[in-house]
Amino acid sequence: MLKNSARLSFLCLAAQRIVLRGETQRQMLKIIGPAWMAQVRGKKDESSSNLSALFKPVPVKSNPDDINIGAELTGTLDKAELLKVLNKFSQKREIKMLCMENGLDIYLQQQAFASFRRYCMEAENLPADLHITVSDILQGAGHVDDIFPYFLRHAKQIFPHLDCMDDLKKISDLRTPANWYPNARAINRKIIFHSGPTNSGKTYHAMERFLTAKSGVYCGPLKLLATEVFHKSNERGTSCDLITGEERKFARGDGSPSAHVSCTVEMTSVTNP
């Protein structure tokens, strides 16, 4: 209890930015321990690491059996000069910005640059397009930035998750929901908005209209509600199918679809009128 009180008192002092010096600091260090002192001083735990460190690069090696077409077209590359070009490429600020735009943070950049440099220096046969591009740069006919597409290709090989970034961006883009279902929006529909206070009969009247219509779809937020409407419709003599994320039940014995469907929202058909 005494130790906990001492810790609380010291934290209050730290919050008030009171600097402890000399004997007082040594006494408090004995009471609360070095770990607490480090936290109060604002030191970060060395064990904490970036989430990107969870991604380990996949080894990529060239196939020694491939024909070195690039060397046949432009000649062999000077490895010493190639190393200078690669180092210059990895240090350019513009290249680092492009890497960030393509999902490569600082940690992934370091891993990708090291892997790409090692690949270019150790590979006996570089891909023909990369070989020709590097040859042009060494001869002054190209710019070091021309390497970036090949570097990015290599980065996606060693970090396969980068290929999913475009899909993830599209999936998470919620700015234009009106454009998500073009086929459904092209259908000519009549929409009736039925509003009212609680217990005013909104659901009752909607269900009565649903049961007497030639066809209809009930979209429930829960499987329980969709199942309830499914049973109620069939008990009232209106053939109705049930569609949820887990199951599909046909009201008719031959398995043919009914004109009425009770489903959960995510299973709603956006193509049927």
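Select lysine 84 to begin; it lies in helix α5. This is a predicted model, in which local features need pLDDT of at least 70 and side-chain atom pairs count only at pLDDT 80 or more, while totals for chains, interfaces and linings use all residues. Residues are numbered from 1 along each chain as its sequence is written, and side-chain values use heavy atoms, with hydrogens and water left out.

**Stop 1: lysine 84**

Is lysine 84 buried or exposed? Lysine 84 counts as exposed, because its relative accessibility is 53%. The cut-offs are these: buried is under 20% relative accessible area, exposed is over 50%, and partly exposed is in between (1.4 Å probe, protein chains only). Lysine 84 and leucine 138 are 54 residues apart in sequence, and their C-alpha atoms are 9.9 Å apart in space.

**Stop 2: the whole of α5**

Select residues 79-91, which make up helix α5. Helices (H or I, at least four residues) and strands (E, at least two) are DSSP runs, numbered from the N terminus. The 13 residues of α5 should span 18 Å at 1.5 Å a residue, and the end C-alpha atoms are 18 Å apart, so the two agree. The expected span is 1.5 Å times one less than the number of residues in the helix.

Next, colour Leu82, Val85, Leu86, Phe89 and Ser90: these residues of α5 are buried. They cover an arc of only 130° around the axis, which puts them on the same side of α5. The arc is that of the directions from the helix axis to the C-beta atoms. Lys84, Lys88 and Gln91 are exposed on the other side of α5.

What do the buried residues of α5 pack against? Show α6 (93-101), α7, α8 (128-138) and α9: these are the packing partners. Contact here means heavy atoms within 4.5 Å.

Go to the N-terminal end of α5. Aspartate 78 caps it, with a side-chain oxygen 3.1 Å from the backbone nitrogen of alanine 80.

**Stop 3: the phenylalanines**

The structure holds five aromatic pairs. Rings of Phe, Tyr and Trp (its six-membered ring) pair if their centres lie within 6.5 Å; planes under 30 degrees apart count as stacked, over 60 as edge-to-face and the rest as tilted.

Select phenylalanine 89 and phenylalanine 151. Their pair is edge-to-face, at 5.6 Å centre to centre and with 70° between the planes. It links distant parts of the chain: phenylalanine 89 is in α5 and phenylalanine 151 is in helix α9 (residues 148-158), 62 residues apart. Phenylalanine 89 is buried, with a relative accessible area of 1%. Phenylalanine 151 is buried too, at 0%.

Phenylalanine 113 lies in helix α7 (residues 106-122) and phenylalanine 151 in α9, so the pair ties together parts that are 38 residues apart in sequence. Phenylalanine 113 is buried, as is phenylalanine 151.

Now show Phe89, Phe113, Phe116, Phe148 and Phe151 together: they form one aromatic cluster.

**Stop 4: the sheet**

Move to the strands. Four of them form an open sheet of mixed pairing, in the order β1-β4-β2-β3. Two strands pair if DSSP finds at least two bridges between them. Which strands are at the edges? They are β1 (216-220) and β3 (248-249), each of which pairs on one side only.

Select β2 (residues 240-243), which is joined to β3 by two bridges; these strands run antiparallel. Isoleucine 243 stands opposite arginine 248 in β3. The two strands, β2 and β3, form a hairpin with four residues between them.

On the parallel pairing, four bridges join β2 to β4. Find cysteine 240 here, opposite histidine 260 in β4. Check the side chains of β2 as well: Cys240 and Leu242 point one way, Asp241 and Ile243 the other way, and all are buried.

**Stop 5: serine 258**

Select serine 258, in the loop between β3 and β4 (260-264). Serine 258 is buried, with a relative accessible area of 9%. Which side chain does the side chain of serine 258 make a polar contact with? It is that of serine 239, at 2.7 Å. A polar contact is a pair of N or O atoms within 3.5 Å; within protein, one must be able to donate a hydrogen and the other to accept it, and residues adjacent in sequence count only if both atoms are side-chain atoms. Leaving aside neighbours within four places in sequence, serine 258 is in contact with Ser239, Cys240, Asp241, Ala251 and Arg252.
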